[in-house]
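Please look over the model below before reading on. My notes follow it.

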Amino acid sequence: MAEGPVPFFTQARTFERLWPEISGRICDVFDNGKFSHGEQVGELETALAEYTGARRVVGVNSGTDALVLLLRALGVRSGDEVVVPAYSFIATATAVVLAGGTPVFADIDPATYALDPDEIARVATPRTRFVMPAHLFCRMADVDGINEVARDLALTVVEDSAEAIGMRHGGVHAGLHGAGGVLSFFPTKTLGALGDAGAVLTDDDHVADAVAALRHHGRVGRTLNDFPAISTETAMAGTNSKMDDIQAAILLAKLRHLDDDIARRAALAERYRAGLDGVVPLPDPGDAPVFYVQLIEVELRDALAEHLAERGIGTEVYYPAPLHLQPCFAAHGHRRGDFPRAETASARALALPLHADLEPEQVDGVCATIREFYAGRP
């Protein structure tokens with residue numbers, strides 16, 4: 001049994017440990033006098049390009065905006081359909097709507113929780129122009145299979161790689177297996193800020209330039225760390241999605257320790273696997289996992305979550321309802337049973353605490369509490 005509370009997520013110890021570097025960078029922001037879209041954002045873009053191998057990285061104010069602006073930069077038009085998984089965070093589908101397109105749902109591969117390549121052709125129509133897999137939890141979607149189908153159907157691949165920093169397939173970072181991808185730096189992410197921030201990854205200069213303009217009200221040319229750019233010509237209808245420099249400063253300090261944090265998460269995930277062996281099955285992590293969360297898929301999911309909460313252990317349901325059954329997409333006319341694998345995951349998946357501040361003894365306590373719940377149950 002766990003002794004003391006085990007929050008689902010905290011980064012208090014991380015910030016205490018890194019505070020000298022973080023505070024120094026924040027002081028640099030004040031000295032520079034530009035608090036968004038400034039020097040630290042530019043440095044972060046360069047550092048992320050080096051880490052991921054992307055030709056271009058464009059910082060924006062959230063992972064959701066990164067998806068919207070990437071889709072707009074790729075030319076999504078009204079009436080264009082984008083195939084998305086029926087099981088993902090809501091932003092995977094609403095970003096399509098905000099960019100002007102129409103999401104078309106498809107079922108998932110239960111091994112990866114990501115878009116099943118075989119489902120793409122089944123749901124595609126003559127209006128379908130894009131396919132957008134989401135990489136979830138600890139492993140990437142089958143990008144080889146998705147790209148093969150996309151080539152056959154003349155679709156552009158866009159990656160919702162918001163959770164996937166550090167994930168690679170064939171040596172290529174998530175987000176770079178198609179026309180582009182995104183990163184989210186929401187605080188709970190593997191590389192998390194103290195608020196919202198995001199980025200677009202792409203090897204296409206034209207796409208990057210369009211995103212860079214769109215994030216700053218459609219202004220073209222140099223705007224980053226450039227005070228006079230407020231008068232720069234507006235070439236397209238953009239928005240205000242500039243990244244705050246304080247968030248960039250925090251991310252720069254944490255990026256230096258990212259691989260160590262990823263290794264720590266992997267060790268904790270292995271401890272979960274050993275502690276829950278024979279009690280509940282854990283998903284196959286694949287060949288090169290990078291653990292964003294530790295997912296389990298169980299019967300009596302909600303009762304288990306309540307049992308853990310009563311003992312001070314935080315959990316999260318990923319995701320409470322599949323996208324095709326969300327009220328905002330009721331007009332699509334889907335019913336329960338349309339995408340059964342996505343629906344099963346939504347009913348059974350539960351995320352356990354997994355973050356760089358978690359102690360191995362806390363993992364042991366969580367495992368003991370789960371074993372207690374299932375003891376004597378058939």
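1. Basis. This is a predicted model: local features need pLDDT of at least 70, side-chain atom pairs count only at pLDDT 80 or more, and totals for chains, interfaces and linings use all residues. Residues are numbered from 1 along each chain as its sequence is written, and side-chain values use heavy atoms, with hydrogens and water left out.

2. Largest pocket. Its volume is about 510 Å³. A pocket here is an open set of points on a 1 Å grid over the protein atoms alone, where a 1.4 Å probe fits, with protein on both sides within 12 Å along at least five of seven lines. Grid points are joined across faces, edges and corners, and the volume is the space filled by probe spheres set on the points.

3. Pocket lining. The lining has 29 residues; F89, E163, K189, Y292 and Y319 lie nearest the pocket centre. Lining residues have an atom within 4 Å of a point. The largest share, three residues, is from α3. Helices are DSSP runs (H or I, at least four residues), numbered from the N terminus. By class, the lining has 15 nonpolar, nine polar and five charged residues. Ala, Val, Leu, Ile, Met, Phe, Trp, Tyr, Cys and Pro count as nonpolar, Asp, Glu, Lys and Arg as charged, and the others, Gly among them, as polar.

4. α1 against α8. The axes of α1 (residues 12-32) and α8 (residues 245-255) come within 8 Å and cross at roughly 135°. Axes are lines fitted to C-alpha atoms over the stretch in contact, and angles run from 0 to 180 degrees between N-to-C directions. The contact (heavy atoms within 4.5 Å) includes F15, L18 and I22 of α1 and I246, A249 and I250 of α8. It has eleven nonpolar, one polar and four charged residues.

5. α2 against α8. These helices pack at about 35°, with axes 8 Å apart. Among the contacting residues are V41, L44 and L48 of α2 and A248, L251 and L255 of α8. The contact divides into ten nonpolar, one polar and three charged residues.

6. Backbone. Most residues other than glycine have a negative phi, and most peptide bonds are trans. H37, not a glycine, has a positive phi of about 60°. H37 sits in the loop between α1 and α2 (39-52). Y318 and Y319 are joined by a cis peptide bond, omega about -5°. Y319 lies in the loop between α10 (301-310) and α11 (340-348).

Key. Helix = DSSP H or I, 4+ residues; strand = E, 2+ residues; numbered from the N terminus.
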